[in-house]
Amino acid sequence: MLNIKVVSWALATTTSISFVVCVVFGLFTPESLHSRALLEQLLPGFKWLTLPGFLIGLVESFLYGAYAGLVYVPVYNFFARRFDPGISGSGRSGQSANKPPIARGGR
């Protein structure tokens with residue numbers, strides 16, 4: 001079972017970092033290699049090399065990632081419960097309800 005909060009935050013952070021990487025990449029490459037047109041089409045309000053446009057793009061990227069997590073996790077958990085009868089909603093993540101937890105020794 002996936003934790004919706006953890007996955008949503010992870011995807012939101014990943015999409016935000018990817019947005020920043022795309023913008024920085026565009027600053028150091030020739031214009032023929034820019035992703036400017038794609039970013040302007042996918043992120044309403046984004047305008048290349050303006051502070052408000054950058055901030056809008058960053059927020060929208062974060063929200064798209066969070067949305068993906070909010071949609072993906074319930075779908076994944078539904079199918080995980082359906083196709084793996086050992087998974088229960090109250091058990092430990094990824095362990096079957098009828099198996100004892102694995103003891104891990106410290107070093």
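Tutor: Y67, V71, V75, F78, F79 and F83 form a nonpolar surface patch with about 630 Å² of accessible area together. This is a predicted model, in which local features need pLDDT of at least 70, side-chain atom pairs count only at pLDDT 80 or more, and totals for chains, interfaces and linings use all residues. Residues are numbered from 1 along each chain as its sequence is written, and side-chain values use heavy atoms, with hydrogens and water left out.

Student: Why is Y67 called exposed?

Tutor: Exposed means over 50% relative accessible area, buried under 20%, and partly exposed in between (1.4 Å probe, protein chains only). Y67 has 56%, so Y67 is exposed. Y67 belongs to helix α3 (residues 51–83).

Student: Why is S8 called buried?

Tutor: The relative accessibility of S8 is 7%, and therefore S8 counts as buried. S8 lies in helix α1, whose buried residues also include V7, A12 and F19.

Student: Which residues is S8 in contact with, leaving aside its neighbours within four places in sequence?

Tutor: They are G65, A66, G69 and L70, where contact means heavy atoms within 4.5 Å. A polar atom of the S8 side chain lies 3.4 Å from the backbone nitrogen of L70.

Key:
Patches are made of residues with over 30% relative accessible area and no salt bridge: like charges are joined within 9 Å, nonpolar side chains (Val, Leu, Ile, Met, Phe, Trp, Tyr) within 5 Å. Accessible areas come from the Shrake-Rupley method with a 1.4 Å probe; for residues, only the protein chains shown count as cover. A salt bridge is a side-chain nitrogen of Lys or Arg within 4 Å of a carboxyl oxygen of Asp or Glu. Helices (H or I, at least four residues) and strands (E, at least two) are DSSP runs, numbered from the N terminus. A polar contact is a pair of N or O atoms within 3.5 Å; within protein, one must be able to donate a hydrogen and the other to accept it, and residues adjacent in sequence count only if both atoms are side-chain atoms.
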